[in-house]
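Subject: Structure for you to look at

Hello,

Here is the structure I said I would pass on. My notes on it follow below.

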Amino acid sequence: MNDIYHWYLASINNHSQENVTPDLKLNLIHPCTEKHIKKYSPQGLRMVTETPEIYRDHVRPYIVKQREAGRLDWVFNILEGRKEQKDIIYRDPGQDGTTDEAFLLAPDLNWDRETLTSMHLLGLVQRRDIWSLRDLRKEHVVWLKHI
């Protein structure tokens, strides 16, 4: 998604037929950063039980830091209509006339956009006060059911 992410469908065998189902989906990230390489390299497994204190002291500050560094700009570019508008599958402007209930669905990079059984969608909400599941409260239940 966005400027540096591209995907292609490919076949392992040299098919001369035009309507052959591809064998592979290739994701290309260019330019690629050290962070991308680390993300897509094999990782050690570590289990953490996140407590409210861990979220407050470690996770939330990390999210704030990433947001301030522009790491979430790709999300805002989609939400604000600057990028990938042709890819949006569904956009709900919200029921109350504000963006508090607005959301959209777009294809995730993991989906080849053809195979329905492997469909992956990304749901993005317009609200800027919901940063993680930890921010959800009882009063959000009706909104979540609508989504």
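Glu-80 and Arg-128 form a salt bridge, with 2.7 Å between the closest N and O atoms; the term stands for a side-chain nitrogen of Lys or Arg within 4 Å of a carboxyl oxygen of Asp or Glu. This pair links distant parts of the chain, 48 residues apart: Glu-80 is in the loop between helix H3 (73–79) and strand E3 (90–92), and Arg-128 is in the loop between E5 and H4. Helices (H or I, at least four residues) and strands (E, at least two) are DSSP runs, numbered from the N terminus.

Before the rest, two remarks on the source. The model is predicted, so local features need pLDDT of at least 70 and side-chain atom pairs count only at pLDDT 80 or more, while totals for chains, interfaces and linings use all residues. Residues are numbered from 1 along each chain as its sequence is written, and side-chain values use heavy atoms, with hydrogens and water left out.

Salt bridges

The structure holds eight salt bridges. Glu-80 and Arg-128 belong to a network of them that also takes in Arg-82. Glu-80 counts as partly exposed because its relative accessible area is 40%, and Arg-128 is partly exposed at 34%. The cut-offs are under 20% relative accessible area for buried and over 50% for exposed, with partly exposed in between (1.4 Å probe, protein chains only).

Another salt bridge joins Arg-134 to Glu-50, with the closest N and O atoms 2.7 Å apart. This pair also links distant parts of the chain, 84 residues apart: Arg-134 sits in the loop between strand E5 (121–125) and helix H4 (141–146), and Glu-50 in the loop between H1 and H2. Arg-134 is partly exposed, at 28% relative accessibility, and so is Glu-50, at 33%.

The side chains of Arg-56 and Asp-57 meet in a salt bridge as well (2.9 Å, N to O). Arg-56 is exposed, with a relative accessible area of 51%, whereas Asp-57, at 43%, is partly exposed.

Helix H2

Helix H2 covers residues 52–68, and its 17 residues should span 24 Å at 1.5 Å a residue; the end C-alpha atoms are 22 Å apart, which agrees. The expected span is 1.5 Å times one less than the number of residues. A kink of about 35° lies at Val-59, shortly before the proline Pro-61; the bend is the angle between axes fitted to the seven residues ending there and the seven starting there.

Which helix do the buried residues of H2 pack against? They pack against helix H1 (34–40), where contact means heavy atoms within 4.5 Å. Tyr-55, Ile-63 and Gln-66 are buried in H2. After H2 comes Gly-70, with a positive phi near 85°.

Surface

Tyr-8, Ile-12, Leu-24, Leu-26 and Leu-28 make up a nonpolar surface patch with about 480 Å² of accessible area together. Patches are made of residues with over 30% relative accessible area and no salt bridge, like charges being joined within 9 Å and nonpolar side chains (Val, Leu, Ile, Met, Phe, Trp, Tyr) within 5 Å. Accessible areas come from the Shrake-Rupley method with a 1.4 Å probe; for residues, only the protein chains shown count as cover. Strand E2 (residues 24–29) gives the largest share of the patch, three residues. Ile-12 lies in the loop between strand E1 (5–10) and E2 and is exposed, at 62% relative accessibility.

Regards
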